[in-house]
Amino acid sequence: EIVEMFADSISGFIMLSIKLQEQNTAPQAALRPASEGVMQAARVLVQIARDKGNKEYSDYTEIQEDIFDCCDRVSGALNKFPEALTILFQDTDRALGWRKLVQATQQIASQTSRLLLVVFGAEHRRLQMAGELLLKSCANVKRYPAMPDAAVEGTNKTSSDLMVFNAYVQARGKETEGRKQQQLQQAVGQFNALNNDLVGNCNTLLKGLNQPNRTAFVRTVDEIARITREILDMLTPPEDLDVFKIIQDLYNKGNMAVMSQAKPLSAGGGRDVTADDLYREGEELKKKLIPVRNHPNEREKEDVASNTNVASAKAAKYNNLLADFIACDKIPALKSTLSSCHNDMNRANEELVRATNDYISGMSGEELKAPSRAHTTPARNAPNAAAARAKPGITEAAKKVVIATSSAVKAGGDRGRFVPAARDASEATKQLVGAVDALANQCPPAQRDELKRLVGNVRGGVVNTVQNGKALLAEPNNPAKARPVQESGSAVARSVKALSSSSSSSAPAPTDQAGKTRVLNEACKRIEDIVDRVNDEINPKSRLATHATITGPVSQADIDATAEEVLRRIRELRGYPNKTPKEIAGDSDTLSDVTARFGKQLEARAKQVNPKLGSTLADLARQIDPPANRAVVDAVNRYIPAPDANTARGVDGAADELERLVRATLDACKPKVELSGTARATPAQVTPVHIKEAAEKMKA
């Protein structure tokens with residue numbers, strides 16, 4: 001319990017330091033006493049260990065030296081604490097101070113775990129060494145039953161070694177429970193009786209050197225040796241004890257990267273989070289991943305671990321913010337998608353830490369060793385050939401699915417294009433399912449289930465796309481039928497992306513540092529992709545479209561048709577309160593593209609009509625694009641990350657102004673017959689000049 005409390009204390013301080021390092025906040029005064037508490041606890045542990053080494057292991061030099069060496073290592077790590085605090089509280093480079101504090105704390109954890117392991121393993125080693133010494137004495141004394149002096153000396157040595165070993169067995173019995181405790185307690189009684197028999201049989205042997213006496217003496221020695229071996233065989237190695245798992249975890253926190261846990265989705269809420277908040281936090285997360293990608297430039301394990309610790313803490317912070325955003329329920333339609341992103345980020349964060357620690361394991365340095373034998377990490381399984389062959393098949397089939405599905409979506413209501421694209425998508429999906437099954441069958445159950453779930457999502461998305469496409473074929477001019485096709489096609493693309501990511505991480509792990517670096521970079525890329533996916537869903541950016549100058553003729557019919565399309569796209573945009581951010585940005589992009597084309601048509605038309613009308617059209621063109629066009633795009637981009645009454649008025653106002661200008665254009669282009677002078681002209685008053693002017697205007 002004491003070890004667990006101590007380990008929890010240091011582990012907690014490490015996690016707190018990592019969090020503060022990620023935030024790079026100014027240190028509070030309470031940090032000094034907290035740091036002193038950690039150092040004092042370690043100093044007390046060192047003193048206890050030294051006292052134990054002096055008092056209990058003076059006869060076991062090897063054990064004593066190991067204890068003292070570990071004490072020196074902990075003291076050396078403690079000496080780095082004051083320097084880190086000085087930099088943190090006094091220097092301007094606060095980031096360096098936090099980094100050094102985390103590294104100092106991790107070194108204390110690393111060296112303290114070694115000390116704890118040696119101290120807890122010392123009793124086991126002593127018991128084992130005493131037992132082996134007793135077995136050696138038993139083997140020696142059996143050789144001298146016919147030599148009185150040697151027999152007496154050997155018996156005294158064996159009896160002494162037996163009593164020492166028995167004392168350690170008795171002590172171990174008090175710390176053991178259950179059946180083993182009964183066996184050890186029984187052995188203590190047996191050893192006491194056998195010790196008496198050993199001395200008695202030796203005295204009897206000295207009185208009469210005959211075969212029966214020699215047999216009785218040897219039988220007693222053999223029984224001592226048998227029970228000793230049984231005890232040594234039943235001893236639990238330190239690395240199999242619960243305390244070793246605690247110490248191992250403490251060691252890992254000192255030498256390996258540590259994952260910061262995000263709160264679950266159910267715990268989200270309590271603060272208002274905007275899309276802008278998430279975007280800024282996502283950009284900060286990407287910056288923290290840059291040092292992680294530079295791991296090959298690091299030369300110390302603690303530097304590598306520190307980089308990932310900060311990135312993991314930032315990823316957890318981002319996910320906490322995402323959970324709060326989801327809880328705000330600002331975009332109900334995206335709740336399922338964003339929840340999936342939250343879960344994906346947790347998995348990506350875990351993979352980042354795992355990839356980092358795999359990389360660290362390949363760096364040179366000391367390993368944590370148990371007292372009885374080196375603690376080694378189980379060897380990795382050799383790369384699975386079947387899994388390796390399956391991966392290229394997944395990549396190729398996934399590419400075909402995306403291409404075919406995209407073609408089906410772009411076909412719209414064109415049956416000639418849709419039918420072959422839908423057939424190709426279905427066939428590619430079958431190939432993808434087969435390739436994924438080949439990989440999944442080589443994976444552990446959890447990975448297998450995840451791969452099959454993801455490929456099921458792809459298959460379902462393709463089916464939905466085909467069904468929605470057939471519905472559009474029946475009503476090709478119905479916009480309400482086109483939207484589901486686009487949505488299901490986008491869902492397929494997202495599902496394929498998730499499947500590709502998962503299948504990549506399920507591939508056989510590399511064993512060389514170059515391969516591990518690649519896996520680590522892929523883990524960073526997955527986190528960045530999730531951030532981009534969230535931004536794309538909740539904070540997509542509408543972009544101002546441009547259109548090439550039109551040099552050919554533009555008819556009034558062209559102007560009328562494009563104007564009506566602009567007005568229709570404005571009406572679609574006005575439905576933004578009931579749409580997702582991505583849909584709003586899509587509507588805005590489409591409107592911007594049509595508006596840019598309309599502006600260029602007006603410019604060309606202005607050069608083809610009479611000067612008066614041409615001047616009017618040119619002026620309207622200059623107002624429509626880019627000014628009015630840009631105003632709509634900017635208003636949409638302000639509304640998406642912060643949808644409120646104020647930004648909504650901005651969108652409505654920009655749309656109103658664009659509509660006004662388009663209708664003004666249509667009004668300007670309407671043919672008018674005007675007469676000079678009074679409006680009540682009689683036929684006699686109409687001259688050829690009037691007719692000519694009217695004809696010119698109608699012609700224009």
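## Aromatic pairs

Phe 165 and Phe 191 are both buried (under 20% relative accessible area, with exposed over 50% and partly exposed in between; 1.4 Å probe, protein chains only). The model is predicted: local features need pLDDT of at least 70, side-chain atom pairs count only at pLDDT 80 or more, and totals for chains, interfaces and linings use all residues. Residues are numbered from 1 along each chain as its sequence is written, and side-chain values use heavy atoms, with hydrogens and water left out.

Rings of Phe, Tyr and Trp (its six-membered ring) pair if their centres lie within 6.5 Å; planes under 30 degrees apart are stacked, over 60 edge-to-face, and the rest tilted. The count by this rule is two aromatic pairs. Phe 165 and Phe 191 form an edge-to-face pair, 5.9 Å centre to centre with 70° between the planes. This pair links helix 6 (residues 148–175), which holds Phe 165, to helix 7 (residues 178–207), which holds Phe 191. Helices are DSSP runs (H or I, at least four residues), numbered from the N terminus.

Tyr 576 and Tyr 639 also form an edge-to-face pair, at 4.9 Å and 75°. Tyr 576 is in the loop between helix 18 (556–573) and helix 19, and Tyr 639 is in helix 20, 63 residues apart. Both tyrosines, Tyr 576 and Tyr 639, are buried.

## Charge over a ring

Arg 126 lies over the face of Tyr 168, 4.2 Å from the ring centre. The rule requires NZ of Lys or CZ of Arg within 6 Å of the ring centre and within 35 degrees of the ring normal.

## Asn 610

Asn 610 lies in the loop between helix 19 (581–606) and helix 20 (611–639). Asn 610 is partly exposed, at a relative accessible area of 30%. A polar atom of its side chain lies 2.8 Å from the backbone nitrogen of Leu 613.

Key. Helices (H or I, at least four residues) and strands (E, at least two) are DSSP runs, numbered from the N terminus. A polar contact is a pair of N or O atoms within 3.5 Å; within protein, one must be able to donate a hydrogen and the other to accept it, and residues adjacent in sequence count only if both atoms are side-chain atoms.
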